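User: Could you go through this structure with me? I would like to understand the terms as well as the values.

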Amino acid sequence: MMTKAATALFWFVIISLLFFGLWMPEQARQEAQAEQIAELQDGNADLRIRIQA
Amino acid sequence: MLPGIRRRWSRTIFVGPNSDFTKDRFDIAKGELIDVALDPAICLKRSLSFPKAVQQNLAKAVDVSVKQTVPENGKDLVWRWKVRKKTKSEIQVEVYLFKKADLVAVGRSISEQKGIVRTVFVDGLKNSPVLIDNRPKSDFSVKFWGAITVLAALSCLAFFAISEARQTSELKSNLVETVSEQSELSERAVLLRQKLDQEDEAFALLNGDLSLFEAEYQRLPILLELTELLDDNVWISEFALIGANLRLSGFSTQDVPEIMAEIRALSWVSSVSLSGQINFDAISRQNRFDLLITLEAINES
């Protein structure tokens with residue numbers, strides 16, 4: 001039977017893995033994609049203005 | 001605390017040799033879960049020895065041996081055992097025997113005091129099964145709410161995972177859309193650039209033609225001066241300017257030598273000659289003439 005400390009350690013490791021292993025990289029990926037989209041949209045707007053001109 | 005779960009889940013009551021569980025009162029709260037620990041001293045003990053060879057089937061050997069040594073094959077008894085000593089040749093086992101009626105009496109006594117029997121076990125025999133086990137019923141709420149908690153935690157996790165995945169997928173589709181828009185705009189820009197280049201090329205060609213037209217003899221001034229010089233009496237039917245030679249054919253009521261003299265007086269004319277006969281048309285009363293004019297080179301400066 002696991003002791004309380006071992007149980008706490010187990011859940012700490014699981015939550016840390018979920019947080020640092022899955023959630024944070026996913027957030028970073030989303031931020032990078034949003035940034036890329038914003039840059040592309042700026043570029044597209046600029047290109048559209050130049051085409052219209 | 002979750003519903004159905006208490007801070008202290010159960011209470012253990014020790015029943016020793018001096019206690020009479022049919023009469024003793026344990027100050028039990030209504031509905032309290034009770035684990036009854038029976039002191040080995042209150043039961044009948046029996047020591048058995050087995051050869052080492054039965055070690056693999058020791059539990060069966062103990063059961064058979066106990067049944068052989070108690071009345072009615074131990075129908076009214078419950079027993080638990082533990083290995084007391086192991087030597088090279090034999091295994092010594094201590095067996096604790098209880099009357100089933102006594103265990104039922106324990107349960108009844110607890111029930112009478114408004115408690116609920118959770119387990120009855122022999123104190124000190126940690127590894128052997130309990131004598132009475134009501135945990136599936138008494139611990140149901142713990143398992144139920146534990147499962148609900150785990151389910152809720154998993155649902156939360158799944159919800160967050162799904163929402164994150166949906167957000168990522170939305171961003172991905174947005175990115176694909178923006179990239180395709182960019183490529184479309186780029187294609188349009190390339191087409192516009194090509195069109196612009198073609199227009200530039202056409203303009204350059206036109207410019208080249210104009211330059212060619214104006215090169216060497218400045219054809220436009222020649223045309224303008226001839227237009228000014230020749231009045232309405234002269235009608236030009238052919239005008240061919242090739243290199244330094246200008247071939248001029250036409251009709252005139254005026255004398256052709258006069259026309260030739262006027263043309264010769266122009267600054268850019270080197271010589272004027274007739275390239276054929278002068279024919280008189282009796283019907284229109286006009287002279288038909290063909291002139292060959294040699295031009296003088298005009299300095300660009």
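Analyst: Let's start with a term: a polar contact is a pair of N or O atoms within 3.5 Å; within protein, one must be able to donate a hydrogen and the other to accept it, and residues adjacent in sequence count only if both atoms are side-chain atoms. Between chain B and chain A, six residue pairs are in polar contact (both at pLDDT 80 or more). This is a predicted model, where local features need pLDDT of at least 70, side-chain atom pairs count only at pLDDT 80 or more, and totals for chains, interfaces and linings use all residues. Residues are numbered from 1 along each chain as its sequence is written, and side-chain values use heavy atoms, with hydrogens and water left out.

User: What makes A:Arg48 and B:Glu181 a salt bridge?

Analyst: The rule asks for a side-chain nitrogen of Lys or Arg within 4 Å of a carboxyl oxygen of Asp or Glu. The closest N and O atoms of A:Arg48 and B:Glu181 are 2.0 Å apart, so the pair meets the rule. Across the interface of chain B and chain A, the rule finds one salt bridge.

User: Why is A:Glu26 called buried?

Analyst: Buried means under 20% relative accessible area, exposed over 50%, and partly exposed in between (1.4 Å probe, protein chains only). A:Glu26 has 16% relative accessibility, so A:Glu26 counts as buried. Its salt-bridge partner is A:Arg29, and A:Arg29 has a relative accessible area of 45%, so A:Arg29 is partly exposed.

Key:
Chains lettered and ligands numbered in written order.
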